[in-house]
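Please look over the sequence and structure first.

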Amino acid sequence: MKRFTRSGVWALVLALLLIASACGGNTSGNSSSKNDGGKSTPASASEKKDGKIKIGFSMDTLQEERWQKDRDLFKAAAEALGATVEVQAANSDDAKQIAQAENLISQGVDVLVVVPHNSEATAAIVEKAHEAGIKVVAYDRLILNSDLDLYISFDNERVGEMQAEAITKLQPKGKYVYIGGADTDNNAILFKKGAFNILQPFVDKGDIEIVYDQFTKDWNPANALANMENALTANNNQIDAVVAANDGTAGGVIQALASQGLDGKIPVSGQDAELAAAQRIVEGTQSMTVYKPIKTLAERAAELAVQLGKGEAISTNKTVNNGKIEVPSVLLDPVAVDQSNIDDTVIADGFHTKEDVYKNVK
Ligand code: BGC
């Protein structure tokens, strides 16, 4: 009787083990939103969790110097965590970015990391990825009106505030030009909001007049140059300050100023701490930039992407509303940089070498 019971127990244990191994893919704690229905990826979720996580990195552009750093640092950080990364860049083309993301999805990536060209259009990518059970991370730029899984960036409104704070300190009165980013990029909207948080009280007092205010299509420096030429012409060169949204647009602005002999005579802001901008700062033609430690962004993003790819729960300390949901978010701190602290920030961090930055300065 006793013996019979024991063998019965063994049979039961064996049966349970068989059932458990058959259901392996569904045993993870956080796999409830994974939907393998119909379009399941080649390997099962349980197989992937033990193997290499494959990350699809869909980038808008490599136009600005920073994106090459983002790509390289993100790849290195993910690989150090045992993941592989497949990168695609879309050249500021919405249709191309969506097609590339679809391609990454069909390659069976475990997680998709997206730098959206268009904050609205890329919601389609989130939807398609979710249909295939793939989570999506918005890298540096938010994807609006979607069930995005994670947003990781800097405090972008603060970036805009830092730009306008620096410029109003140098020029608290006069005719101002605002050269924004691409209006398809949610960051450009946030930079502008931040800048006007600071500028508006000066405008209300009557100290500052905004004589020209334009976004810059695709963040293209040539478009910023053309806009700045228009601003100068329309105001007979009587401009007192320029808030430019990034270093690329600042480069276009400063070129337009230079052709009127005005470079270095009026303050201009920027962002990204690009080498060319860092050089302009020490040479005196650009007043400031906003340094965003890309390494921290890339490493944190890689860590979280790998966790999402493994189906693990992630923890973030913030949420940001994207028009549809409160997106779990990580927002890092930007740093305002001018001549006075460039050595202690951008150079001390190894973002650029002192030799490179001061190359043209005796
Ligand atoms: C980024 C900036 C960058 C700009 C143009 C923005 O979304 O935050 O760092 O300069 O895009 O690529």
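Predicted model: local features only at pLDDT ≥ 70, side-chain atom pairs only at ≥ 80, totals over all residues.

Residues are numbered from 1 along each chain as its sequence is written, and side-chain values use heavy atoms, with hydrogens and water left out.

**Ligand site**

The shell around the ligand holds 13 residues. A residue counts as near if one of its heavy atoms lies within 4 Å. Glu64, Asp140, Arg141, Asp185 and Asp272 come nearest. By class, the shell has seven charged, three polar and three nonpolar residues. Here Ala, Val, Leu, Ile, Met, Phe, Trp, Tyr, Cys and Pro are nonpolar, Asp, Glu, Lys and Arg are charged, and the others, Gly among them, are polar. Helix H3 (65–80) and helix H7 (186–205) each supply at least two shell residues. Helices (H or I, at least four residues) and strands (E, at least two) are DSSP runs, numbered from the N terminus.

For Asp140 the distance is 2.8 Å. For Arg141 an N or O atom of the side chain is 2.7 Å away. For Lys292 the distance is 2.9 Å. The protein buries 100% of the 310 Å² that the ligand exposes when taken alone. Accessible areas come from the Shrake-Rupley method with a 1.4 Å probe.

**Cavities and pocket**

Both kinds of space are found on a 1 Å grid over the protein atoms alone: a cavity is a set of points where a 1.4 Å probe fits but cannot get out, a pocket is an open set with protein on both sides within 12 Å along at least five of seven lines, and lining residues have an atom within 4 Å of a point. A volume is the space filled by probe spheres set on the points.

The whole structure has two cavities of 30 Å³ or more.

| Space | Volume | Lining by class |
|---|---|---|
| Largest cavity | about 110 Å³ | three nonpolar, three polar, seven charged |
| Second largest cavity | about 50 Å³ | two nonpolar, five polar, five charged |
| Largest pocket | about 290 Å³ | seven nonpolar, five polar, three charged |

Where does the ligand sit? It sits in the largest cavity, a term that asks for more than half of its atoms within 2 Å of the grid points. Trp67, Arg141, Trp219, Asn246 and Asp272 are closest to the centre of that cavity, among 13 lining residues. H3 and H7 each supply at least two residues of this lining.

The lining of the second largest cavity includes Glu64, Arg141, Asp185 and Trp219.

The largest pocket is lined by 15 residues, with Ala166, Leu170, Ser287, Met288 and Asp338 nearest its centre. H6 gives the most, with five residues.

Methods: Polar contact = N/O pair within 3.5 Å; in protein donor to acceptor, adjacent residues only side chain to side chain.
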